[in-house]
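Hello,

Here is the structure I promised to pass on. Please open it first, then read my notes on its salt bridges below.

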Amino acid sequence: MGRSALWGLLIGWALMVVLLTTSLVLSDDDGSSAGELMGTFIGASIMAGPLGGLPGTLVGVIVGAARRRPQPALVPPAPPPVRLPPNDRWSAMVARCELSVRRVSAAVATVPPSPARDWLERIAAQFGGELGDVRRIADLGRALGADQRHPVAHRMSAAVRDFTAFEDEVGRVALQMFNQPSLERARVHLEVLEQQLPHLGNE
């Protein structure tokens, strides 16, 4: 703020010196000698102090205060709107397959820890990996605007049936392993279950 006041003082004083000197010289019709011009300049310089310096200082103080005023915090831009998945029949079928994957994981968690359960967990993980293909099939059907007679719709309906059927099979095997979790007793069931895994990417 002090620097702004000083600059205001100097600028106001200089402008007033020029203005007063010019006015006095122009008002003198007889012409002035060099000494008189110097006297006029000195007088104008003295008068410019209160007439120009003080207002200039005041303006400088105001400008300095305005510059030192804290800038208002910028409002962060609003986050982009969250795009919700479309609520259509494709989303409903994907949701049904996702439900099967969650139910399979929950069923596996009820089996007592054992090598058989480890095998069943690997099967459940492979099952969950098929969701990526389910979502891509749904995206394709949505992009094509496919109706229920379109091959993509048939493929999606088959995926829902396969996921639901596999969910039931895992529940049946988990129930058999609940009291007899040994690997030898469960091996045949696990091998059959592994063969029943939906493989949408290979169809």
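A residue counts as buried when its relative accessible area is under 20%. Glu167 is at 13%, so Glu167 counts as buried.

Before going further, please note that this is a predicted model. The mean pLDDT of the protein chain is 76. A pLDDT of 70 or more is reached by 55% of the residues. Among the elements, helix H3 (residues 89–109) has the highest mean pLDDT, at 95. Helix H2 (residues 34–68) has the lowest, at 58. Where pLDDT is low, the predicted coordinates should not be read in detail.

Now the salt bridges. A search of the whole structure turns up ten.

Glu167 pairs with Arg96, and their closest N and O atoms are 3.5 Å apart. Glu167 sits in helix H6 (residues 151–179) and Arg96 in helix H3, so this bridge ties together parts 71 residues apart in sequence. Arg96 is partly exposed, at 25% relative accessible area.

Glu98 bridges to Arg135, with the closest N and O atoms 3.0 Å apart. This pair also links distant parts of the chain. Glu98 is in helix H3, Arg135 is in helix H5 (residues 131–144), and 37 residues separate them. Both partners are partly exposed: Glu98 at 22% and Arg135 at 37%.

Arg136 is exposed, at 53%.

One network remains to mention. Asp88, Asp139 and Arg142 are joined by salt bridges that share partners.

Best wishes

Definitions and conventions: Residues numbered from 1 in each chain as written. Predicted model: local features only at pLDDT ≥ 70, side-chain atom pairs only at ≥ 80, totals over all residues. Heavy atoms only, no water. pLDDT = per-residue confidence, 0-100. Helix = DSSP H or I, 4+ residues; strand = E, 2+ residues; numbered from the N terminus. Salt bridge = Lys/Arg side-chain N within 4 Å of Asp/Glu carboxyl O. Buried < 20%, exposed > 50% of the residue type's maximum accessible area, 1.4 Å probe, protein only.
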